[in-house]
Structures are given as structure tokens and as C-alpha cells.
Amino acid sequence: MERKLSEFVTFIPGVNSTRVEKQFDLQDIEYYDQTSFERDLNYDETDENNILFYADHALKQGDVVISNSMQLATMIGKNNAGKVPTLNFTKVEFKNNNLDKQYFIYLFNCYDEVKRQKERELQGSTIARIPIKALNELVIPVVSISEQKKIGTIYSEIIKLQNKLGKYATLIEQFTKTILDDNLKGK
């Protein structure tokens, strides 16, 4: 069965950082940026300082956001909780428990039919974006919630594994380079 995303979620655009700082006279807001997004996308849980600023606009661990420039979705990790998303991001608010968050992320990032729909809706000359109205019209396959959870879990575990394999490959490359360099130096 296929249904429109608007039946399950609400899309909330990020804030205009200059307006928020003027409106609330705040200077110490930590914004959610592309680096934060990529760390969440790759499940990079490297320890860093926790953000203490929590506002109505701030993201919470487990929230889902879309990078408007990359047209990918991810779940907020503990290191980025408390950051405020800018206009470069769209927060996805789930209306009920009929759509699993990880399943949504899988569909939005990987499912071919959703990818085709997103490509048709891209607008903008510099940075292509999908308008919120078009996001609401995206049609997704809906399966049982237990099936959604299985698919979502498998997808997130594969992404975590790919991230670990990428780090492992980098370490092997560094190790090999060190051995070869030392060999040339006669050590």
C-alpha cells in the first residue's frame, strides 16, 4: 500500500540564524551545520562537549532532520542534541507511531522510487531544494510497523558497518604508509 508522507509527518524548516539572534538577543546559539549532519549520518559518536543551550527550536536526540542541500535524512545523535537547525535543514516531526523513523530514513535516502520523486521536485539554481509542499506529496510504500522496524534496523546497521569499515581502511592505509616509509628510511 502506498500513501503520502503528509499522512505521517510534518516538515518544519530550520530557523534563519540572523533573525533568531536578533529576535531573542542570543549570541551563544550552537547551530546544527553540515559537519554535524554528516557525523549523525555516519553514526559518528565521537565524544565532544554536550550542548547546554536548549530552546524550542533545538533538536533532541532521536529527532530526524533532512539536509536540504544533500537531500538526505538522518537521526540526531547525542552529540548534536541541543543544536538549532538553520534554513539548510528541515526537521521531520512524526505525527504518530505508524511510521518508523529509521524506515523513513531508509526510504528517503535509498529507496529508488522516492529518489525519483525527489529528483523531479528539485528547485533552485544554486542549491537545489525540495519545497516542503513537494515533500508532503512524496508517496511511500507502507508495510506493517514490525516490517518497517526490521528494514530500518538493517539499514542503520549497514550504515554503521560502512562507517567502521571506512575508518578501518584509513587505519590500514596509514599503517602501511608508515611501514613503507620506515623501510625506505632504513629503520
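Which residue lies over the face of Phe-108? Lys-118 does, at 4.0 Å from the ring centre. A charge counts as over a ring if NZ of Lys or CZ of Arg is within 6 Å of the ring centre and within 35 degrees of the ring normal.

1. **Basis.** This is a predicted model, where local features need pLDDT of at least 70, side-chain atom pairs count only at pLDDT 80 or more, and totals for chains, interfaces and linings use all residues. Residues are numbered from 1 along each chain as its sequence is written, and side-chain values use heavy atoms, with hydrogens and water left out.

2. **The sheet.** Four strands form an open sheet, in the order β2-β7-β4-β5. The pairing is antiparallel. Strands pair here if DSSP finds at least two bridges between them. Helices (H or I, at least four residues) and strands (E, at least two) are DSSP runs, numbered from the N terminus. β2 (9–13) and β5 (72–75) are the edge strands, and each pairs on one side only. Neighbouring strands are turned by 30° against each other on average, direction ignored.

3. β2 and β7 (residues 89–94) run antiparallel, joined by five bridges. Thr-10 stands opposite Glu-93 in β7.

4. **Helices on the sheet.** Helix α2 (residues 34–41) packs on the sheet and touches β4 (64–67), β5 and β7. Contact means heavy atoms within 4.5 Å. The direction of α2 makes about 70° with that of β5. Axes are lines fitted to C-alpha atoms, for helices over the stretch in contact, and angles run from 0 to 180 degrees between N-to-C directions. Helix α3 (residues 101–110) lies across β2, β4, β5 and β7, at about 160° to β5.

5. **Aromatic rings.** The whole structure holds five aromatic pairs. In one, Phe-37 and Phe-89 have ring centres 5.9 Å apart and planes at 35°, so the pair is tilted. Rings of Phe, Tyr and Trp (its six-membered ring) pair with centres within 6.5 Å; planes under 30 degrees apart are stacked, over 60 edge-to-face, the rest tilted. Phe-37 is in helix α2 and Phe-89 in strand β7, 52 residues apart. Both are buried (under 20% relative accessible area, with exposed over 50% and partly exposed in between; 1.4 Å probe, protein chains only).

6. **α3 against α4.** The axes of α3 and helix α4 (residues 112–121) come within 6 Å and cross at roughly 60°. That makes α3 oblique to α4. Angles under 35 degrees are roughly parallel, over 145 roughly antiparallel, 65 to 115 roughly perpendicular, the rest oblique. Contact residues include Phe-108 of α3 and Lys-118 of α4.
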